[in-house]
Amino acid sequence: MSVSKREYKRVTTKSLVDMKGQGEKISMLTAYDYTMAKIVDGAGIDVILVGDSASNVMAGHETTLPITLDQMIYHASSVVKAIERSLVVVDLPFGTYQSDPKEALRSAIRIMKESGAHAVKLEGGKEIKESIKRILNAGIPVMGHLGLTPQSIYKFGTYTVRAKEEKEAEQLKEDAKMLERIGCFGVVLEKIPASLAREVAESVSIPIIGIGAGKHVDGQVLVLHDMLGMTHEFNPRFLRRYLNLYEDMTKAISTYVSDVKAIKFPSDKEQY
Ligand code: KIV
């Protein structure tokens, strides 16, 4: 299908809804630091997610649970400095919005005020509805996240595909509609059957961004370090690696080590 692509000088939450309306797919990637964010923004990505996957990718934790609000703000403010065009969405980390709506609002305000980001993302459906409403009422754009929600990994017990059973699928569809109704500007659907993701995308007017949710959604998101092939132990079916930086970087660094040892670096030209 050929799609007319409008130029967006700056991507806003409204641009994303317009893109869905016009059938233009939305591109989204994570970034956690200035240098990577500058490359991603310059390459034309629509949305940069400062994901709590920073907990795994940047800090080396096994799950997304340990990352703190201060650490998310640090990553987000580094990303925001690099951005000219993309919309920057920041994850509210585990433990900063689940206990009560006032705390959720305080956490979201800190992210917006201290990092300069444009929106926040929260994991969950009806159980966090009041927190989302409170944040939206303060004028902060919210993106939802349903399906596999990694902050609940100890409840699920595994990272396998979610909502294969009818009961969970029905709840997910209800949650997506509720998120649209209360005013979220978009929803991430993670690791659910493609047919269910399609049904959800067709049933709401806000953009549905998939990760492991098939192609019949309004956009795609991947973790930057995974799609660049910097990580190599994580191999889910949905991941396409566009580079193999793990290998390229390992080769470059081991060549540097050999050059230093053999006094091949620096050369005469590389000194003063
Ligand atoms: O934290 C993250 O990177 C995410 C994406 C996987 C959607 O939430």
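Lys 133 is partly exposed, at 31% relative accessibility, a class lying between buried (under 20% relative accessible area) and exposed (over 50%), with a 1.4 Å probe and protein chains only. Glu 130 is likewise partly exposed, with a relative accessible area of 47%. The two side chains meet in a salt bridge at 3.9 Å, N to O, the criterion being a side-chain nitrogen of Lys or Arg within 4 Å of a carboxyl oxygen of Asp or Glu. Glu 130 and Lys 133 lie three residues apart in helix H6 (residues 129-137), about one turn of the helix.

This is a predicted model, in which local features need pLDDT of at least 70 and side-chain atom pairs count only at pLDDT 80 or more, while totals for chains, interfaces and linings use all residues. Residues are numbered from 1 along each chain as its sequence is written, and side-chain values use heavy atoms, without hydrogens and water.

## Buried salt bridges

The whole structure holds 11 salt bridges. One of them pairs Asp 46 with Arg 85, with the closest N and O atoms 3.2 Å apart; both residues are buried.

Asp 91 and Lys 121 form a salt bridge with a closest N and O separation of 2.8 Å. Asp 91 belongs to strand S3 and Lys 121 to strand S4 (residues 119-123), 30 residues apart. Both are buried.

## Domain interface

Domain 1 (13-241) and domain 2 (243-272) come from the domain assignment, which is automatic or taken from a database. Their C-alpha centres are 38 Å apart. Across their interface, zero salt bridges are found.

Note on methods:
Helices (H or I, at least four residues) and strands (E, at least two) are DSSP runs, numbered from the N terminus.
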